[in-house]
Amino acid sequence: MSGSEIEFLKAQLATARSEMKNLRQQISTLQHMHLKEHQHILKLLGEYRCQGCLKEQNHNSGEINEISDDTGNVCSFKPIGVIKTVFNDKRAVPRQASLASAILSRIDISSKVFNNPGHSLEGLENFSHLWIIYHFHRNPNHAKAKVAPPRLDGERVGVFSTRSPHRPCPIGLSLVQLDRIDDSKVYFYGTDMVDGTPVLDIKPYIPQYDVPINVKGAEFFNLREAPDGEETSLHGQNPSTSNIQPIPNVAVPNWVLSSSGLNVIFNSNAEAQVEELGIEKNSITEVLKADPRSVYLRTKYGSQIYTFRLGEHTVTCKFDDQNTTVTVLQIRDVVNFQDVMDECSSAKE
């Protein structure tokens, strides 16, 4: 065999070895990719839940997933904390919070909602009673249109005429008495929740707003005068906050009671338009009396022209912050108002 043939074979052998090395590297890469895919598939299989199992899991964990209505609108809720009570099971839990007024329970605000959960409770200690909104997380998801309340001895009525916990949206509402606040924990009396119940919201109870009004008689059931001048009697009188009758054992901060409503005035033009359009004058008065402007608008611009839509009409008014009055200047039908705006735009062009 000649020297040239030997050199050729050596070159071929070197090429073969290089190709084998490349093949080994490709095999190694494919093995690694195969291992990663295998692990990913195992993870997916381990986390997979059927729709029914997923709902049951979320139900038991207290998580509330997205809820959509027939129009496609979606809302979602995230618990702000959890309620700790002496009732570890649903059995024997009082049907109303007032039936267990001597039982002390607490709410633990979650640090996942706020970096400083205690800050969210500042000022709440000035109230004596609270509304707690929570999720019936232990209830099976089989709400019915009619239920049988215990006091009706088997007679069935519509679920929305009862306080049954078995509801299409399993949301509970309880009025409780505040005992104390300790950092991010709220202690209260009055328990009708099972231990571990997820809390959706906390709101202070204010009798001046929460006690129902007898519209026909224009009187509070338990209160003769309204706060902040926000309600008006049928005779058009504006009650003052100085004559508010306190409700025993209920406390609210002074700032809730001390504020006063605005004096609403209709000029002659607005008075005529109220009659012409057949508008309920009190509906405009009630909106303006409570000052619908944001804090930003009040502080940034002060007294100003303000326009808002009320049903099929547009109301234009002028605030006078120095004299705590607001004057209704004009009330227009929405169509007419749009025509005027179009005319103004055309004139500018």
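C169 is partly exposed, at a relative accessible area of 43%, whereas C317 is buried, at 0%; buried means under 20% relative accessible area, exposed over 50% and partly exposed in between, with a 1.4 Å probe and protein chains only. The structure is a predicted model, in which local features need pLDDT of at least 70, side-chain atom pairs count only at pLDDT 80 or more, and totals for chains, interfaces and linings use all residues. Residues are numbered from 1 along each chain as its sequence is written, and side-chain values use heavy atoms, leaving out hydrogens and water. With a disulfide taken as a pair of cysteine sulfur atoms within 2.5 Å, the count is zero.

Turning to the strands, an open sheet with mixed pairing is formed by four of them, in the order β13-β16-β15-β14. The edges are held by β13 (263-266) and β14 (305-310), each with a single partner strand, so one side of each has no neighbour in the sheet. On average, neighbouring strands are turned by 30° against each other, direction ignored. Strands (E, at least two residues) and helices (H or I, at least four) are DSSP runs numbered from the N terminus, and two strands pair if DSSP finds at least two bridges between them. Strands β14 and β15 (residues 313-320) run antiparallel and are joined by six bridges; L310 has H313 in β15 as its bridge partner.

Two helices accompany this sheet. Helix α5 (residues 268-277) lies across β13, β15 and β16 (325-333), at about 45° to β16. Helix α6 (residues 281-289) lies across β13, β14, β15 and β16, at about 140° to β13. Contact here means heavy atoms within 4.5 Å; axes are lines fitted to C-alpha atoms, for helices over the stretch in contact, and angles run from 0 to 180 degrees between N-to-C directions.
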